[in-house]
Amino acid sequence: MADEVTVRIAGSFAEIDPADWATLSGTSRAGPGYNPFVSYAFLSAMDESGSAVAETGWMGHHLLLEEDGRLIGAVPCYLKNHSQGEYVFDHGWADAYQRAGGHYYPKLQASIPFTPATGQRLLVRNGEDVKRVSGLLGEALAQVTRKIGASSAHVTFLPQGELPSLTDAKFLHRTDQQFHFINRGYADHEAFLAELSSSKRKNLRKERRAALEHGITIDWLTGRDLTEDIWDQFFAFYMDTGSRKWGRPYLTREFYSLIGERMAQRQHHFMPTALLDSQFATLEEPGEDERPLVVSVESSKDAIVADVLTRLSLA
């Protein structure tokens, strides 16, 4: 790795500047490709709520790549002494490693705790050379694994585009399978059913009728509609489902309050100034078939608005 590039490990998100984290790809509503699961609000809530912490087997070991003291990339990582809460089952590997005389744990896990959703894992600062920084992150992850004496590093639910940066660093490529529903432009539920066999259509219609007969309705709640009472009910369902299906729910009640407070729809939400360069970099010249309005921004706000309205009325 280049001399000017250094790797720093943060034990929790309290050690990371939220403004710095918001400059990374996908982490901010204001930036391109926003993914709430890699946002500072979501990951720091995992810490503060006691959900993903050393006591639950998720010890923060977040990799921060800095160049001349400036954050250019990061990987959310956890040092783990078990394989629970990952939704990728490697118990067979762990058993084989043990039988061969090795110690599989601790291992380094690059993932979003308890979240089997594909998304960015090699986070690159907006405006940086993605290929270069992603490659450095792959190398850094391998180096850190060797330095701390972990048996291995695992990067799970990453997008296909990040794979070369890891295989170039000698990571093995393991594939698995998920099932996703894809809306192929169905106009309604009946349009979806039309693509199924008659037996499946019959069963789904029967299930839907049964739900309606029992008076079940669906309410869509978002933002400030998610009150503490709603979170109480949501948490009760979560605990019941987890206890019956997987044995150990990890998310605490406090986690839901924190994301409800921090991730609700917000007005007056501004982007960090560090994102301006990447925003301007994505702008393109208008095409030949487009009719742009060219307006000077050196005038007052009222003058600019008046100028735009005049031009639109003449268009």
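Which side chain of opposite charge is nearest to Glu162, and how far away is it? The side chain is that of Arg121, at 6.6 Å. Glu162 is buried yet has no salt bridge. Here, buried means under 20% relative accessible area, exposed over 50%, and partly exposed in between, with a 1.4 Å probe and protein chains only. A salt bridge is a side-chain nitrogen of Lys or Arg within 4 Å of a carboxyl oxygen of Asp or Glu. Lys and Arg count as positive and Asp and Glu as negative, while His and the chain ends are not counted.

The model is predicted: local features need pLDDT of at least 70, side-chain atom pairs count only at pLDDT 80 or more, and totals for chains, interfaces and linings use all residues. Residues are numbered from 1 along each chain as its sequence is written, and side-chain values use heavy atoms, with hydrogens and water left out.

**Stop 1: the surroundings of Glu162**

Select Glu162 in the loop between strand S8 (153–155) and helix H5 (163–167). Helices (H or I, at least four residues) and strands (E, at least two) are DSSP runs, numbered from the N terminus. Leaving aside neighbours within four places in sequence, Glu162 is in contact (heavy atoms within 4.5 Å) with Gln120, Arg121 and Leu122.

**Stop 2: the whole chain**

Zoom out and colour by secondary structure, which comes to 11 helices and 8 strands. The protein has 315 residues, of which 38% count as buried. Among contacts between residues at least 6 apart in sequence, 69% join residues at least 24 apart.

**Stop 3: strand S4 and its partners**

Select strand S4 (residues 70–75). Because 5 of its 6 residues are buried, S4 is largely enclosed by the rest of the structure. Strand S3 (residues 62–67) runs antiparallel to S4 and is joined to it by 5 bridges; two strands pair if DSSP finds at least two bridges between them. Leu65 stands opposite Gly73 in S4. The hairpin of S3 and S4 has 2 residues between the strands, and Asp68 takes a positive phi near 55 degrees there. S4 also pairs with strand S7 (residues 123–124), in the antiparallel sense and over 2 bridges. In that pairing, Ala74 stands opposite Leu123 in S7.

**Stop 4: strand S5 and its partners**

Move to strand S5 (residues 77–80), where Cys77 and Leu79 point one way and Tyr78 and Lys80 the other way, all of them buried. Strand S2 (residues 58–60) pairs with S5 in the antiparallel sense over 3 bridges, and Lys80 in S5 is the bridge partner of Trp58. Show the side chains of these two residues: Lys80 lies over the face of Trp58, at 3.8 Å from the ring centre. A charge sits over a ring if NZ of Lys or CZ of Arg is within 6 Å of the ring centre and within 35 degrees of the ring normal. A further case is Arg174, whose charged end sits over the ring of Trp93, 5.3 Å from its centre.

S5 is also joined to strand S6 (residues 107–110), by 4 bridges and in antiparallel fashion. Leu79 has Leu108 as its bridge partner in S6.

**Stop 5: from Leu108 to Thr145**

Thr145 and Leu108 are 37 residues apart in sequence, and their C-alpha atoms are 6.8 Å apart in space. Thr145 counts as buried, at 7% relative accessibility. Not counting residues up to four places away in sequence, Thr145 touches Leu108, Ala150, Ser152 and Ala153.

**Stop 6: aromatic pairs**

Rings of Phe, Tyr and Trp (its six-membered ring) pair if their centres lie within 6.5 Å; planes under 30 degrees apart count as stacked, over 60 as edge-to-face and the rest as tilted. By this rule the count comes to 19 aromatic pairs. One of them joins Phe13 and Tyr40 edge-to-face, with 5.7 Å centre to centre and 80 degrees between the planes. Phe13 lies in the loop between strand S1 (5–10) and helix H1 (18–21) and Tyr40 in helix H2 (residues 40–48), so the pair ties together parts that are 27 residues apart in sequence. Phe13 is buried at a relative accessible area of 1%, and Tyr40 is buried at 18%.

The ring centres of Trp231 and Phe234 are 5.7 Å apart with the planes at 75 degrees, so this pair is edge-to-face. Both residues lie in helix H8 (residues 228–245), 3 residues apart, about one turn of the helix. Trp231 counts as buried at 8% relative accessibility, whereas Phe234 is partly exposed at 45%. To finish, select Phe37, Phe42, Trp231, Phe234, Phe235, Tyr238, Phe255 and Tyr256, which form one aromatic cluster.
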